[in-house]
Amino acid sequence: MVIISQIIFLLLFAFSVGLFIRNMRRLIRNVNLGKQNWPKDRSVERWRRVVLNALGQKKMFKRPVPAILHFFVYAGFIIINVEILEIIIDGLFGTHRVFAPIVGALYAPFISFFEFLAWGVLIGCAIFLVRRNVLKVKRLNQPDLDGWPRKDANTILIAEITLMIAFLTLNTADQVLQSRGHEHYFSTGRFFFTGMMMPMLDGLSTGQLVTLERTCWWAHIIGIFGFLNYLYYSKHLHILFAFPNTYYSRLEPQGQMRNMPEIQKEVQLMMDPSAAAPEPPAEPGRFGAKDVFDLQTTDLLGAFSCTECGRCTAVCPANITGKKLSPRKIMMATRDRCEEIGKGQDKNGKEYKDEKSLLGDYITHEEIFACTTCQACVEACPVNIDPLNIIQQLRRFSIMEEASAPGNWNTMFTSIENNMAPWQFSPMDRANWAEELKNEN
């Protein structure tokens with residue numbers, strides 16, 4: 001029976017790991033649809049950001065209550081899963097709590113600490129469910145979350161609660177079996193929380209306890225393997241991608257706009273023909289971005305790192321005043337477009353192209369022109385995602401390639417071109433206000 005259990009576990013483990021590797025390859029392929037851009041400069045500053053923002057979640061603590069709850073859920077879930085290593089070894093070799101003899105007297109305190117975190121995860125997820133479905137916090141109940149995103153968030157929270165209940169129940173049953181001296185369940189010392197829960201299971205027979213413990217053990221590990229591969233389809237992919245996204249996030253001041261070298265050279269030559277040596281004409285590229293192929297890989301990494309928390313949309317002045325722009329939706333749409341192209345390539349090969357594009361089919365012109373470029377969304381994001389860069393690139397394409405811009409913008413562009421200022425009067429008249437002021441005095 002033990003050998004059969006080991007074989008089943010081995011097959012389950014191999015299948016789960018293989019599926020996870022396949023999904024990660026798809027994700028990397030989808031991110032690499034964009035133009036390669038992996039910054040390598042200022043590595044010390046980048047690692048500092050990873051520690052503070054991705055690991056320490058510094059930016060989340062601008063809202064202390066949800067930040068503390070999220071930290072318990074995040075830290076608890078990650079640290080508790082250290083125990084998976086022990087479960088995997090036990091499953092493969094038919095042992096039980098293999099680390100207990102190695103760690104000795106420290107084993108029970110370690111498990112007690114894991115149980116404390118498990119309660120934190122359980123309580124935190126329960127409160128998050130209430131915030132989403134009972135209190136209906138505004139940023140978590142907006143139209144861009146309708147359908148799958150809302151179901152995904154609730155599914156994950158319920159799954160984490162189920163996993164923690166299974167973990168605590170198997171520990172409690174294990175403790176009772178230890179107290180009865182049952183074969184295979186040797187004494188590891190008393191666990192603090194589940195030790196206090198033992199009276200709840202005292203009425204069960206030894207056989208029932210073994211069945212309960214084994215059932216919860218299998219439920220816990222199958223749930224972990226399922227969660228591992230569910231990440232590919234879920235917003236909780238940020239558990240993995242938040243770290244590289246924070247590392248590769250831009251370090252320039254937020255108000256510093258990234259110039260297009262092609263346009264910058266033309267302007268320099270126009271202002272001063274001797275400023276640059278003549279160069280052979282290059283093949284003209286696309287101005288801005290129409291589809292994900294025109295964006296940078298760091299932009300697409302950000303799309304897959306999005307937590308869908310809505311902090312960006314909650315502080316967006318355009319969204320607050322009733323306009324259609326939602327920075328969260330911009331990132332979700334970019335991710336969805338990458339997924340669609342990736343699925344097409346899986347079926348039809350790498351040369352697959354369709355008639356759709358990110359601008360127009362996923363993101364409207366109305367959305368991108370509503371942006372004030374105030375940088376509030378960038379500042380608010382806990383993992384340094386930059387929706388503004390995607391918006392700016394789409395807007396550049398719309399204006400420079402499609403000649404599509406709001407009427408008042410075209411008036412401003414014409415004035416800048418003719419008068420070198422956004423106002424409709426000659427540069428010769430620019431100082432007239434000073435003369436008028438002089439005459440008044």
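**Pockets and a helix pair**

I noted that helix 10 (238–248), helix 11, helix 12 and helix 19 each supply at least two residues of the lining of the second largest pocket, helices being DSSP runs (H or I, at least four residues) numbered from the N terminus. The model is predicted, so local features need pLDDT of at least 70 and side-chain atom pairs count only at pLDDT 80 or more, while totals for chains, interfaces and linings use all residues. Residues are numbered from 1 along each chain as its sequence is written, and side-chain values use heavy atoms, with hydrogens and water left out.

I looked up which residues lie nearest the centre of this second largest pocket, and among its 35 lining residues they are Asn37, Arg258, Gln296, Asp299 and Asn389. A pocket here is an open set of points on a 1 Å grid over the protein atoms alone, where a 1.4 Å probe fits, with protein on both sides within 12 Å along at least five of seven lines, and lining residues have an atom within 4 Å of a point. I recorded the lining as 10 nonpolar, 12 polar and 13 charged residues, where Ala, Val, Leu, Ile, Met, Phe, Trp, Tyr, Cys and Pro count as nonpolar, Asp, Glu, Lys and Arg as charged, and the others, Gly among them, as polar.

For the largest pocket, I found that its lining divides into 16 nonpolar, 12 polar and four charged residues, and that helix 20 gives the largest share, seven residues.
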